[in-house]
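Please have the sequence and the model at hand while reading.

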Amino acid sequence: MNNFVNLWSYLSTTPLLWLTATIGAYLVAEKVSERLLNPPWANPVLLSVALLSPILIFTNTDYGTYFEGAQFIHFLLGPATVALALPLWDNRATIQKSVVPILCALVAGSVVAAGSAILLAQAFDLPMNVLLSLAPKSTTAPVALGISEAVGGIPTLTAVLVILTGIIGAITVTPLMNILSITDWQARGFAVGVAAHGIGTARAFKVNPIAGAYAGIAMALNALLTSLIVPILLKWLT
Amino acid sequence: MLQTLGLLLGCQLAGEFITRGLGLPIPGPVLGLVILLLALALLPTLSSSLRPTIQVILAHLSLMFVPAGVGVIWNLEVLSSDWVALLVILTLSTVLSMLVTVAIFIAMKRLMMRWVK
(Lines give C-alpha, C1' and ligand atoms only; values in the text may rest on other atoms or scores of the structure.)
Protein backbone atom coordinates (compact mmCIF):
# COMPACT_ATOMS: atom_id res chain seq x y z
CA MET A 1 0.00 0.00 0.00
CA ASN A 2 2.81 2.34 0.92
CA ASN A 3 4.43 1.59 -2.43
CA PHE A 4 1.26 2.54 -4.19
CA VAL A 5 1.05 5.81 -2.31
CA ASN A 6 4.66 6.57 -3.27
CA LEU A 7 3.96 5.67 -6.88
CA TRP A 8 0.84 7.85 -6.90
CA SER A 9 2.59 10.82 -5.35
CA TYR A 10 5.30 10.50 -8.00
CA LEU A 11 2.87 10.19 -10.91
CA SER A 12 0.66 13.01 -9.76
CA THR A 13 3.58 15.44 -9.81
CA THR A 14 4.69 14.72 -13.38
CA PRO A 15 2.84 15.80 -16.51
CA LEU A 16 3.11 12.22 -17.83
CA LEU A 17 0.01 10.81 -16.15
CA TRP A 18 -2.58 13.35 -17.32
CA LEU A 19 -1.01 13.75 -20.74
CA THR A 20 -1.33 10.00 -21.27
CA ALA A 21 -4.81 9.94 -19.75
CA THR A 22 -5.99 12.72 -22.11
CA ILE A 23 -4.70 10.94 -25.21
CA GLY A 24 -6.04 7.63 -23.91
CA ALA A 25 -9.50 9.05 -23.22
CA TYR A 26 -9.57 10.62 -26.67
CA LEU A 27 -8.56 7.35 -28.37
CA VAL A 28 -11.32 5.49 -26.52
CA ALA A 29 -13.83 8.25 -27.40
CA GLU A 30 -12.72 8.12 -31.03
CA LYS A 31 -13.09 4.31 -31.17
CA VAL A 32 -16.54 4.44 -29.58
CA SER A 33 -17.61 7.20 -31.96
CA GLU A 34 -16.29 5.26 -34.99
CA ARG A 35 -18.00 2.04 -33.86
CA LEU A 36 -21.27 3.94 -33.76
CA LEU A 37 -20.48 5.36 -37.26
CA ASN A 38 -19.72 8.89 -35.97
CA PRO A 39 -23.22 9.93 -34.87
CA PRO A 40 -23.34 13.65 -34.03
CA TRP A 41 -24.28 13.11 -30.36
CA ALA A 42 -21.19 10.93 -29.76
CA ASN A 43 -18.99 14.02 -30.00
CA PRO A 44 -15.35 13.05 -29.29
CA VAL A 45 -14.69 16.15 -27.16
CA LEU A 46 -17.80 15.53 -25.06
CA LEU A 47 -17.06 11.79 -24.71
CA SER A 48 -13.42 12.43 -23.71
CA VAL A 49 -14.49 14.96 -21.08
CA ALA A 50 -17.10 12.49 -19.81
CA LEU A 51 -14.40 9.81 -19.48
CA LEU A 52 -11.78 12.04 -17.83
CA SER A 53 -13.89 14.04 -15.41
CA PRO A 54 -14.97 11.17 -13.12
CA ILE A 55 -11.33 9.99 -12.95
CA LEU A 56 -10.16 13.47 -11.98
CA ILE A 57 -12.91 13.87 -9.40
CA PHE A 58 -12.35 10.37 -8.01
CA THR A 59 -8.58 10.92 -7.63
CA ASN A 60 -9.16 14.39 -6.18
CA THR A 61 -7.03 16.00 -8.87
CA ASP A 62 -7.44 19.73 -9.33
CA TYR A 63 -7.53 21.35 -12.77
CA GLY A 64 -4.07 22.93 -12.34
CA THR A 65 -2.46 19.51 -11.85
CA TYR A 66 -4.42 18.05 -14.75
CA PHE A 67 -3.50 20.95 -17.01
CA GLU A 68 0.23 20.52 -16.32
CA GLY A 69 -0.03 17.33 -18.35
CA ALA A 70 -2.77 18.39 -20.73
CA GLN A 71 -1.10 21.69 -21.66
CA PHE A 72 1.04 19.93 -24.27
CA ILE A 73 -2.10 18.99 -26.16
CA HIS A 74 -3.78 22.33 -25.52
CA PHE A 75 -0.70 23.98 -26.98
CA LEU A 76 -1.23 22.19 -30.30
CA LEU A 77 -4.38 24.28 -30.94
CA GLY A 78 -2.09 27.03 -32.25
CA PRO A 79 -0.19 25.01 -34.86
CA ALA A 80 -3.46 23.22 -35.77
CA THR A 81 -5.06 26.58 -36.55
CA VAL A 82 -2.08 27.47 -38.77
CA ALA A 83 -2.46 24.04 -40.45
CA LEU A 84 -5.94 25.05 -41.70
CA ALA A 85 -4.06 26.99 -44.41
CA LEU A 86 -3.48 23.76 -46.35
CA PRO A 87 -7.15 22.81 -46.95
CA LEU A 88 -7.76 26.46 -47.89
CA TRP A 89 -4.91 26.27 -50.37
CA ASP A 90 -6.10 22.94 -51.78
CA ASN A 91 -9.59 24.37 -52.34
CA ARG A 92 -8.47 27.79 -53.57
CA ALA A 93 -10.10 27.41 -57.01
CA THR A 94 -13.61 26.81 -55.60
CA ILE A 95 -13.07 29.35 -52.81
CA GLN A 96 -12.19 32.06 -55.33
CA LYS A 97 -15.47 31.31 -57.11
CA SER A 98 -17.47 31.65 -53.89
CA VAL A 99 -15.97 34.84 -52.46
CA VAL A 100 -19.32 36.70 -52.56
CA PRO A 101 -21.35 33.94 -50.81
CA ILE A 102 -18.52 33.56 -48.28
CA LEU A 103 -18.40 37.23 -47.34
CA CYS A 104 -22.19 37.75 -47.26
CA ALA A 105 -22.82 34.59 -45.23
CA LEU A 106 -19.96 35.50 -42.88
CA VAL A 107 -21.35 38.94 -42.04
CA ALA A 108 -24.93 37.66 -41.67
CA GLY A 109 -23.96 34.61 -39.60
CA SER A 110 -21.58 36.51 -37.36
CA VAL A 111 -24.09 39.30 -36.66
CA VAL A 112 -26.84 36.76 -35.90
CA ALA A 113 -24.52 34.68 -33.67
CA ALA A 114 -23.63 37.65 -31.46
CA GLY A 115 -26.84 39.67 -31.87
CA SER A 116 -29.22 36.80 -31.07
CA ALA A 117 -27.16 35.94 -27.98
CA ILE A 118 -27.45 39.54 -26.76
CA LEU A 119 -31.20 39.77 -27.44
CA LEU A 120 -31.92 36.37 -25.89
CA ALA A 121 -29.89 37.30 -22.80
CA GLN A 122 -32.11 40.38 -22.44
CA ALA A 123 -35.26 38.31 -22.98
CA PHE A 124 -34.12 35.95 -20.20
CA ASP A 125 -33.29 38.94 -18.00
CA LEU A 126 -29.70 37.85 -17.40
CA PRO A 127 -27.30 40.15 -15.54
CA MET A 128 -25.28 42.56 -17.69
CA ASN A 129 -21.89 40.93 -17.06
CA VAL A 130 -23.34 37.55 -18.14
CA LEU A 131 -24.73 39.16 -21.32
CA LEU A 132 -21.33 40.68 -22.08
CA SER A 133 -19.63 37.31 -21.52
CA LEU A 134 -22.12 35.65 -23.87
CA ALA A 135 -21.83 37.99 -26.86
CA PRO A 136 -18.55 36.63 -28.36
CA LYS A 137 -19.42 32.92 -27.79
CA SER A 138 -19.27 31.84 -31.45
CA THR A 139 -15.69 32.84 -32.11
CA THR A 140 -12.50 30.97 -31.31
CA ALA A 141 -11.53 30.97 -27.60
CA PRO A 142 -8.52 33.36 -27.59
CA VAL A 143 -10.49 36.01 -29.52
CA ALA A 144 -13.62 35.51 -27.42
CA LEU A 145 -11.66 35.91 -24.17
CA GLY A 146 -10.05 39.10 -25.44
CA ILE A 147 -13.43 40.57 -26.43
CA SER A 148 -15.05 39.53 -23.15
CA GLU A 149 -12.31 41.23 -21.19
CA ALA A 150 -12.46 44.37 -23.32
CA VAL A 151 -16.24 44.84 -23.00
CA GLY A 152 -16.43 44.01 -19.29
CA GLY A 153 -17.52 40.36 -19.33
CA ILE A 154 -16.24 37.50 -17.18
CA PRO A 155 -13.48 35.71 -19.16
CA THR A 156 -13.89 32.37 -17.31
CA LEU A 157 -17.61 32.36 -18.08
CA THR A 158 -16.87 33.21 -21.72
CA ALA A 159 -14.39 30.30 -21.93
CA VAL A 160 -17.07 27.89 -20.69
CA LEU A 161 -19.72 29.34 -23.04
CA VAL A 162 -17.36 29.16 -26.05
CA ILE A 163 -16.63 25.46 -25.47
CA LEU A 164 -20.32 24.68 -24.89
CA THR A 165 -21.25 26.56 -28.08
CA GLY A 166 -18.70 24.51 -30.04
CA ILE A 167 -20.09 21.24 -28.71
CA ILE A 168 -23.72 22.32 -29.31
CA GLY A 169 -22.89 23.36 -32.89
CA ALA A 170 -20.96 20.15 -33.59
CA ILE A 171 -23.87 18.04 -32.30
CA THR A 172 -26.72 19.93 -33.99
CA VAL A 173 -25.22 20.73 -37.42
CA THR A 174 -25.66 17.31 -39.07
CA PRO A 175 -29.29 16.64 -38.03
CA LEU A 176 -30.24 20.28 -38.74
CA MET A 177 -28.81 20.30 -42.27
CA ASN A 178 -30.22 16.83 -43.00
CA ILE A 179 -33.73 17.86 -41.91
CA LEU A 180 -33.52 20.83 -44.28
CA SER A 181 -32.02 18.50 -46.95
CA ILE A 182 -29.09 20.86 -47.55
CA THR A 183 -26.51 18.90 -49.54
CA ASP A 184 -24.10 21.74 -50.32
CA TRP A 185 -20.96 20.80 -48.32
CA GLN A 186 -19.48 24.27 -48.73
CA ALA A 187 -22.55 25.90 -47.14
CA ARG A 188 -22.87 23.26 -44.40
CA GLY A 189 -19.21 23.55 -43.42
CA PHE A 190 -19.22 27.33 -43.57
CA ALA A 191 -22.27 27.56 -41.31
CA VAL A 192 -20.79 25.39 -38.56
CA GLY A 193 -17.47 27.25 -38.77
CA VAL A 194 -19.17 30.62 -38.26
CA ALA A 195 -21.45 29.47 -35.43
CA ALA A 196 -19.26 26.91 -33.63
CA HIS A 197 -15.56 27.77 -34.32
CA GLY A 198 -12.93 25.00 -33.99
CA ILE A 199 -15.06 22.29 -32.39
CA GLY A 200 -17.57 22.73 -35.22
CA THR A 201 -14.68 22.65 -37.70
CA ALA A 202 -13.41 19.39 -36.19
CA ARG A 203 -16.87 17.89 -36.77
CA ALA A 204 -16.94 19.21 -40.35
CA PHE A 205 -13.59 17.53 -41.14
CA LYS A 206 -15.00 14.24 -39.84
CA VAL A 207 -18.01 14.46 -42.14
CA ASN A 208 -16.55 15.81 -45.39
CA PRO A 209 -13.20 17.37 -46.46
CA ILE A 210 -14.87 20.22 -48.40
CA ALA A 211 -17.07 21.00 -45.38
CA GLY A 212 -13.91 20.99 -43.23
CA ALA A 213 -12.09 23.44 -45.50
CA TYR A 214 -15.06 25.83 -45.55
CA ALA A 215 -15.52 25.54 -41.78
CA GLY A 216 -11.85 26.47 -41.40
CA ILE A 217 -12.27 29.60 -43.55
CA ALA A 218 -15.40 30.55 -41.64
CA MET A 219 -13.70 30.13 -38.27
CA ALA A 220 -10.67 32.21 -39.30
CA LEU A 221 -12.77 34.99 -40.87
CA ASN A 222 -15.17 35.06 -37.93
CA ALA A 223 -12.21 35.47 -35.56
CA LEU A 224 -11.41 38.66 -37.45
CA LEU A 225 -14.99 39.93 -37.73
CA THR A 226 -16.36 39.19 -34.24
CA SER A 227 -13.95 41.51 -32.46
CA LEU A 228 -15.16 44.32 -34.73
CA ILE A 229 -18.91 43.71 -34.56
CA VAL A 230 -19.46 42.74 -30.90
CA PRO A 231 -18.73 46.25 -29.54
CA ILE A 232 -21.00 47.78 -32.23
CA LEU A 233 -23.85 45.33 -31.54
CA LEU A 234 -23.55 45.93 -27.80
CA LYS A 235 -23.88 49.65 -28.38
CA TRP A 236 -26.97 49.20 -30.59
CA LEU A 237 -28.78 46.50 -28.67
CA THR A 238 -28.14 47.27 -25.02
CA MET B 1 6.93 15.57 -40.08
CA LEU B 2 9.46 17.58 -38.09
CA GLN B 3 9.85 20.10 -40.91
CA THR B 4 6.09 20.55 -41.08
CA LEU B 5 5.83 21.07 -37.32
CA GLY B 6 8.72 23.52 -37.47
CA LEU B 7 7.05 25.47 -40.26
CA LEU B 8 3.67 25.53 -38.45
CA LEU B 9 5.30 26.78 -35.26
CA GLY B 10 7.36 29.30 -37.23
CA CYS B 11 4.22 30.71 -38.88
CA GLN B 12 2.47 30.90 -35.51
CA LEU B 13 5.48 32.62 -33.98
CA ALA B 14 5.61 35.15 -36.82
CA GLY B 15 1.85 35.67 -36.37
CA GLU B 16 2.19 36.25 -32.60
CA PHE B 17 5.12 38.55 -33.21
CA ILE B 18 3.15 40.73 -35.63
CA THR B 19 -0.20 40.79 -33.76
CA ARG B 20 1.40 41.54 -30.40
CA GLY B 21 3.91 43.96 -31.85
CA LEU B 22 1.23 45.95 -33.65
CA GLY B 23 -1.48 45.37 -31.04
CA LEU B 24 -3.87 43.83 -33.62
CA PRO B 25 -7.13 42.26 -32.35
CA ILE B 26 -6.35 38.98 -34.18
CA PRO B 27 -4.97 35.85 -32.46
CA GLY B 28 -1.41 34.95 -33.53
CA PRO B 29 -2.36 31.52 -34.93
CA VAL B 30 -5.00 33.07 -37.25
CA LEU B 31 -2.40 35.45 -38.68
CA GLY B 32 -0.04 32.44 -38.82
CA LEU B 33 -2.64 30.74 -41.04
CA VAL B 34 -2.53 33.73 -43.41
CA ILE B 35 1.30 33.65 -43.39
CA LEU B 36 1.33 29.92 -44.28
CA LEU B 37 -1.18 30.63 -47.06
CA LEU B 38 1.22 33.26 -48.46
CA ALA B 39 4.11 30.79 -48.17
CA LEU B 40 2.08 28.26 -50.16
CA ALA B 41 1.31 30.87 -52.82
CA LEU B 42 5.00 31.68 -53.17
CA LEU B 43 6.11 28.05 -53.07
CA PRO B 44 3.29 25.77 -54.28
CA THR B 45 5.48 22.64 -54.09
CA LEU B 46 5.42 23.02 -50.30
CA SER B 47 1.88 21.65 -50.14
CA SER B 48 2.76 18.03 -50.92
CA SER B 49 5.44 17.87 -48.23
CA LEU B 50 3.10 19.42 -45.63
CA ARG B 51 0.10 17.24 -46.45
CA PRO B 52 0.86 13.98 -44.54
CA THR B 53 1.44 15.67 -41.16
CA ILE B 54 -1.32 18.25 -41.55
CA GLN B 55 -3.84 15.55 -42.46
CA VAL B 56 -3.06 13.77 -39.18
CA ILE B 57 -3.35 17.01 -37.18
CA LEU B 58 -6.68 18.02 -38.74
CA ALA B 59 -8.14 14.52 -38.41
CA HIS B 60 -7.58 14.81 -34.64
CA LEU B 61 -8.58 18.43 -34.17
CA SER B 62 -11.09 17.33 -31.50
CA LEU B 63 -8.28 16.02 -29.28
CA MET B 64 -6.88 19.52 -28.87
CA PHE B 65 -10.14 20.78 -27.35
CA VAL B 66 -10.22 18.11 -24.63
CA PRO B 67 -8.09 20.00 -22.04
CA ALA B 68 -10.32 23.10 -22.40
CA GLY B 69 -13.39 20.85 -22.33
CA VAL B 70 -12.28 19.34 -19.02
CA GLY B 71 -11.81 22.91 -17.78
CA VAL B 72 -15.53 23.51 -18.38
CA ILE B 73 -16.41 20.85 -15.79
CA TRP B 74 -14.20 22.64 -13.25
CA ASN B 75 -15.78 26.00 -13.92
CA LEU B 76 -19.42 24.96 -14.23
CA GLU B 77 -20.22 27.00 -11.13
CA VAL B 78 -19.69 30.23 -13.14
CA LEU B 79 -22.94 29.35 -14.94
CA SER B 80 -24.58 29.53 -11.49
CA SER B 81 -28.39 29.67 -11.40
CA ASP B 82 -28.51 30.93 -14.99
CA TRP B 83 -27.38 27.59 -16.46
CA VAL B 84 -30.75 26.57 -17.93
CA ALA B 85 -31.25 29.98 -19.56
CA LEU B 86 -27.66 29.93 -20.85
CA LEU B 87 -28.01 26.47 -22.40
CA VAL B 88 -31.27 27.46 -24.08
CA ILE B 89 -29.70 30.69 -25.38
CA LEU B 90 -26.58 28.92 -26.65
CA THR B 91 -28.63 26.30 -28.48
CA LEU B 92 -31.11 28.77 -30.02
CA SER B 93 -28.43 31.27 -30.98
CA THR B 94 -26.12 28.63 -32.49
CA VAL B 95 -28.89 26.98 -34.52
CA LEU B 96 -30.22 30.37 -35.67
CA SER B 97 -26.74 31.48 -36.72
CA MET B 98 -26.19 28.26 -38.72
CA LEU B 99 -29.58 28.62 -40.42
CA VAL B 100 -28.94 32.22 -41.46
CA THR B 101 -25.38 31.46 -42.61
CA VAL B 102 -26.42 28.47 -44.71
CA ALA B 103 -29.42 30.33 -46.20
CA ILE B 104 -27.38 33.39 -47.21
CA PHE B 105 -24.54 31.24 -48.55
CA ILE B 106 -26.83 29.21 -50.81
CA ALA B 107 -28.92 32.23 -51.86
CA MET B 108 -25.82 34.22 -52.86
CA LYS B 109 -24.36 31.24 -54.69
CA ARG B 110 -27.55 30.88 -56.77
CA LEU B 111 -27.66 34.62 -57.41
CA MET B 112 -24.06 34.56 -58.61
CA MET B 113 -24.76 31.63 -60.93
CA ARG B 114 -27.70 33.44 -62.49
CA TRP B 115 -25.54 36.50 -62.90
CA VAL B 116 -22.78 34.61 -64.68
CA LYS B 117 -25.31 33.10 -67.15
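With which residue does A:Glu30 form a salt bridge? The partner of A:Glu30 is A:Lys206, and the closest N and O atoms of the two lie 3.5 Å apart. A salt bridge here is a side-chain nitrogen of Lys or Arg within 4 Å of a carboxyl oxygen of Asp or Glu.

This is a predicted model, in which local features need pLDDT of at least 70 and side-chain atom pairs count only at pLDDT 80 or more, while totals for chains, interfaces and linings use all residues. Residues are numbered from 1 along each chain as its sequence is written, chains are lettered from A and ligands numbered from 1 in the order in which they are written, and side-chain values use heavy atoms, with hydrogens and water left out.

**Domains of chain A**

Chain A is assigned domain 1 (2-76) and domain 2 (85-237); such bounds come from an automatic or database domain assignment. Eight residues from domain 1 of chain A and eight residues from domain 2 of chain A take part in the contact, where contact means heavy atoms within 4.5 Å. The C-alpha centres of the two domains are 27 Å apart.

Between them, domain 1 of chain A and domain 2 of chain A bury about 670 Å², with 67% of it on carbon and sulfur atoms. Buried area is the accessible area (1.4 Å probe) that two parts lose on being put together, summed over both. On the side of domain 1 of chain A, the most area is lost by A:Asn38, A:Pro40 and A:Asn43, which together account for 58% of what that side buries. The count of salt bridges between these domains is one.

**The interface of chain A and chain B**

In this interface, 92 residues of chain A are in contact with 66 residues of chain B. The two chains bury about 7100 Å² between them, 84% of it on carbon and sulfur atoms. Two salt bridges are found across the interface of chain A and chain B. Helix 12 (residues 185-207) of chain A supplies 14 residues, the largest share of the side of chain A that touches chain B. Helices are DSSP runs (H or I, at least four residues), numbered from the N terminus.

Over all chains, the structure holds four salt bridges. Three of them are listed here.

| Residues | N to O distance |
|---|---|
| A:Asp90 and B:Arg51 | 2.6 Å |
| B:Lys109 and A:Asp184 | 2.7 Å |
| B:Arg20 and B:Glu16 | 3.0 Å |

The pair of A:Asp90 and B:Arg51 crosses between chains, from helix 6 (residues 85-90) of chain A to helix 3 (residues 46-59) of chain B. A:Asp90 is partly exposed at 36% relative accessibility, and B:Arg51 is partly exposed with a relative accessible area of 24%. In these terms, buried means under 20% relative accessible area, exposed over 50%, and partly exposed in between (1.4 Å probe, protein chains only).

Another pair between chains runs from B:Lys109 in helix 5 (residues 83-116) of chain B to A:Asp184 in the loop between helix 11 (155-179) and helix 12 of chain A. B:Lys109 is partly exposed at 22% relative accessibility, whereas A:Asp184 is buried at 17%.

B:Arg20 and B:Glu16 are separated by about one helical turn, because they are four residues apart in helix 1 (residues 2-22) of chain B. B:Arg20 is exposed, with a relative accessible area of 66%.

Notes: Helix = DSSP H or I, 4+ residues; strand = E, 2+ residues; numbered from the N terminus.
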